[in-house]
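Me: I'm new to this one and would like a close look at a single part, the sheet. Could you walk me through it slowly?

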Amino acid sequence: EFKNLLGLSGDYALTLKQIEIPLLAYYKASINEAIALRMGAGVQFEFAVGDVKGDSGSVSYSAAGISKNGTSLLVDIGGDYKVEGLGTITADLRYSHGIKDRGESAGVIFNDDFKSHNIELAAGFLF
């Protein structure tokens with residue numbers, strides 16, 4: 001949602017693509033030989049790739065007024081289930097809260113401060 005952007009107000013949807021590098025410290029508690037629960041916290045470094053895609057096309061990050069780099073705090077809750085002879089099934093729920101301002105004053109889309117926030121659900125299989 002934006003107000004007074006080039007004399008206009010309204011809603012604008014856009015997509016940002018980025019590579020995320022998380023650094024987490026975990027505490028793992030085994031419930032039994034097959035099941036373990038994990039809790040973790042840390043930071044995440046974000047690096048934008050490509051262009052910003054929005055309702056009216058694509059524009060570069062600098063033209064949009066969005067920094068290509070960000071930093072977020074992370075909280076993660078997950079679990080492991082060991083399948084005998086096959087490997088381990090993992091599941092995680094992760095929340096990231098931006099700590100670095102991603103807005104740049106010279107942009108045409110954004111000219112205010114903003115931080116990214118994400119909720120992710122991930123599953124994996126380790127063998």
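Reply: Let's start with a term: a residue is buried under 20% relative accessible area, exposed over 50%, and partly exposed in between (1.4 Å probe, protein chains only). This is a predicted model, where local features need pLDDT of at least 70, side-chain atom pairs count only at pLDDT 80 or more, and totals for chains, interfaces and linings use all residues. Residues are numbered from 1 along each chain as its sequence is written, and side-chain values use heavy atoms, leaving out hydrogens and water.

Now the sheet: it is open, with 5 strands in the order β4-β5-β8-β9-β10 and antiparallel pairing. Strands here are DSSP runs (E, at least two residues), numbered from the N terminus, and two of them pair if DSSP finds at least two bridges between them. β4 (18-30) and β10 (117-126) each have a single partner strand, so one side of each is left without a neighbour in the sheet.

Further in, β8 (residues 69-83) and β9 (residues 87-98) run antiparallel and are joined by 12 bridges.

Asp76 is buried, because its relative accessible area is 1%. Its side chain makes a polar contact (a pair of N or O atoms within 3.5 Å, one able to donate a hydrogen and the other to accept it; residues adjacent in sequence count only if both atoms are side-chain atoms) with the side chain of Arg94, at 2.9 Å. Another, of 3.4 Å, joins the side chains of Asp76 and Tyr26.

Finally, hop over to Leu37 in strand β5 (residues 35-48). Leu37 is partly exposed, since its relative accessible area is 45%.

Methods:
Helices (H or I, at least four residues) and strands (E, at least two) are DSSP runs, numbered from the N terminus.
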